[in-house]
Amino acid sequence: MAAKKLLILPGDGIGVEVMVQVRRIIEWMAKRRNVAFDLSEGLIGGSAYDVHGTPLADETLADAMAADAVLLGAVGGPKWDNLPFQDKPERGLLKIRKEMGLFANLRPATVLDALADASTLKAEVVTGLDIMILRELTGGLYFGEPRGIETLPNGDRKGFNTLVYTTPEIVRIGRVAFDLARKRSKRLCSVDKANVLECTVLWREEMIKLQQTEYPDVELTHMYVDNAAMQLVRNPKQFDVMVTENMFGDILSDCAAMLTGSLGMLPSASLGAADADGKRRALYEPVHGSAPDIAGKDMANPLATIMSFAMCLRYSFNMDEDAELIEAAVKNVLKGGLRTGDIMQPGKAKVSTTVMGEAIVRELDKLK
Ligand code: NAD
C-alpha cells in the first residue's frame, strides 16, 4: 500500500498540546495495527510568523499540497493580536484553506451518551444525536462579486454582497453530500431559501437533477433555511446529512455544534476537488481555537482533535474500522468517568490533557 502522507500543523496555544495526544495514537496505530504514516510536521499561525515572518510559509503550503491529508491544531493568541492584518495567524489558516481549494466543510454534531447532559437542550432531544452538516466553503454570499460599500450621489451609503453559485459549484458540493449520505443512512436534506432567492432555486434544481441522474438510491428532501434552524433545535434527530450554502452553513453548523454542548468535542473536515483517482485534498481540524486562557496548562480537551484524526482515517484513507475504533475508545473513556475541565460533570474525575490522551491509548489497547 502507498505510504499515507500526513502533514501535522499543530499551530499555536492548545493546538500544540492536543496534537501531542494525536501523535500518541498515530504511534499506537503503527505499533499495534501496523499502519504506518509518512509523517511530517510544520508551522502555521503565530508560531510560523515567529520563525518565518509569515503565518504560512511557501514551503509549508507546498508540503500541504503534496500531502494526502493535513491535520491542524489551532492558530492565534494575544501575542500576535496586534500584527498587521496580512501577518495575523488566522491569515495562515484562511490561506491554506483557499490554496488547497477546500470547498466542502464537514461538521458532524454527535452527542455521546455520556455527555447528553452537557447540552442546553433536554437530554431526550439530543441523546444519540448523530448528524452531519455539509457547508459549501468557497462560494456563495461570502465570496460573491460585486461586493463592497459605496457612497451614493445623494450622500447615502450602500453596502452590498452577492449570493452567486454556478452549476459546477453546486454539483461538486452536491456530489460530496450524496456520497456522504451513501456512507451513512442514505438520507440527504438540502437546505435553501428557494421561496425567495433565485440562486437557491438553481441550487435546488441542480440537487434534484443530481439525485435523479447519479444518486437514485439516496432519498433527497429540501428545507428552507429558516425552518431548518427551527427544526435543528426542535427535533435535530430527524436529520442525517444536511447540505447548504456557505453562510447558511456557517450559521446552522454553529447552531448544531451547540446541541452537543461542548466546543472541546467537535471535529471537522474540509475537502477539495477529487483528482483523476478520486483522491481529494483534505484538512482536518477541531472546531475550537487556540484557547489562550488555558494554553500551556495541560488542561485542554484533546478529543476534538483526536476525532478529527478519526475523520481523516475515514474520509482520506478509507480506514473506517480504525476510525470506529478511535471513536469507540473516546466513548468508553467518557463512559468510564474521565473528563477534562470543559466537560466536567459532578461525580466525574477531572483529568489533564495528557491523562486523557493516555487513557484513550489504554482503551485502544483493550478494544483491540
Ligand atoms: P477558543 O475556541 O480558542 O476558546 C473559547 C473558549 O473555549 C475558551 O474559554 C477556551 O478555553 C475554551 N476551549 C476551546 N477549546 C477547548 C478545548 N479543546 N478544551 C477545553 N476548553 C476549550 O476561541 P476564542 O477564545 O474566541 O479564540 C482564541 C484564539 O483562537 C483567537 O486568537 C482566535 O482568533 C483563535 N481561533 C482559532 C481558530 C482556529 O484555529 N480554527 C478558531 C477559533 C478561534
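Gly 139 sits in the loop that joins strand S5 (130-136) to strand S6 (148-151). The model described here is predicted. Gly 139 has a relative accessible area of 3%, so the residue is buried. Its contacts, apart from neighbours within four places in sequence, are Tyr 165, Glu 169 and Asn 246.

## Aromatic pairs

Tyr 165, a contact of Gly 139, also takes part in ring pairing. The model holds four aromatic pairs. In one of them, the ring centres of Tyr 165 and Trp 203 are 5.3 Å apart. Their planes meet at 65 degrees, and angles over 60 count as edge-to-face, so this pair is edge-to-face.

Where do the two partners, Tyr 165 and Trp 203, lie? Tyr 165 is in the loop between strand S7 (157-160) and helix H6 (167-183), while Trp 203 is in helix H7 (residues 198-214). The pair therefore ties together parts that are 38 residues apart in sequence. Both residues are buried: Tyr 165 has a relative accessible area of 5%, and Trp 203 comes in at 1%. Elsewhere, Phe 37, Phe 309 and Phe 317 are linked into a cluster by ring pairs.

## Charges over rings

Lys 158 places its charged end over the ring of Phe 160, at 5.1 Å from the ring centre. Arg 172 does likewise with Phe 103, and here the distance to the centre is 4.1 Å.

## Packing of H8 and H9

Helix H8 (residues 225-234) packs with helix H9 (residues 246-260). The axes are 10 Å apart and the angle is about 10 degrees. Angles under 35 degrees count as roughly parallel, and H8 and H9 are therefore roughly parallel to each other.

Which residues of H8 and H9 meet? H8 contributes Val 225, Ala 228, Ala 229, Leu 232 and Val 233. H9 contributes Phe 248, Leu 252, Cys 255, Ala 256 and Leu 259. By class, this contact of H8 with H9 has 10 nonpolar residues, no polar residues and no charged residues.

Is Gln 211 buried or exposed? Its relative accessibility is 17%, under the 20% limit, so Gln 211 counts as buried. Beyond its neighbours within four places in sequence, Gln 211 contacts Phe 178, Pro 216, Val 218 and Leu 220.

Ser 352 lies in the loop between strand S14 (349-350) and helix H12 (353-367). At 19% relative accessibility, Ser 352 also counts as buried. Residues up to four places away in sequence aside, Ser 352 touches Asp 298 and Thr 340.

## Leu 93 in helix H4

Leu 93 is part of helix H4 (residues 89-99). With a relative accessible area of 12%, Leu 93 is buried. Which residues does Leu 93 touch, not counting those up to four places away in sequence? They are Ile 44, Leu 72, Val 75 and Glu 285.

Terms used:
Residues are numbered from 1 along each chain as its sequence is written. This is a predicted model: local features need pLDDT of at least 70, side-chain atom pairs count only at pLDDT 80 or more; totals for chains, interfaces and linings use all residues. Side-chain values use heavy atoms; hydrogens and water are left out. Rings of Phe, Tyr and Trp (its six-membered ring) pair if their centres lie within 6.5 Å; planes under 30 degrees apart count as stacked, over 60 as edge-to-face and the rest as tilted. Helices (H or I, at least four residues) and strands (E, at least two) are DSSP runs, numbered from the N terminus. Buried means under 20% relative accessible area, exposed over 50%, partly exposed in between (1.4 Å probe, protein chains only). A charge sits over a ring if NZ of Lys or CZ of Arg is within 6 Å of the ring centre and within 35 degrees of the ring normal. Axes are lines fitted to C-alpha atoms, for helices over the stretch in contact, and angles run from 0 to 180 degrees between N-to-C directions. Angles under 35 degrees count as roughly parallel, over 145 as roughly antiparallel, 65 to 115 as roughly perpendicular and the rest as oblique. Contact means heavy atoms within 4.5 Å. Ala, Val, Leu, Ile, Met, Phe, Trp, Tyr, Cys and Pro count as nonpolar, Asp, Glu, Lys and Arg as charged, and the others, Gly among them, as polar.
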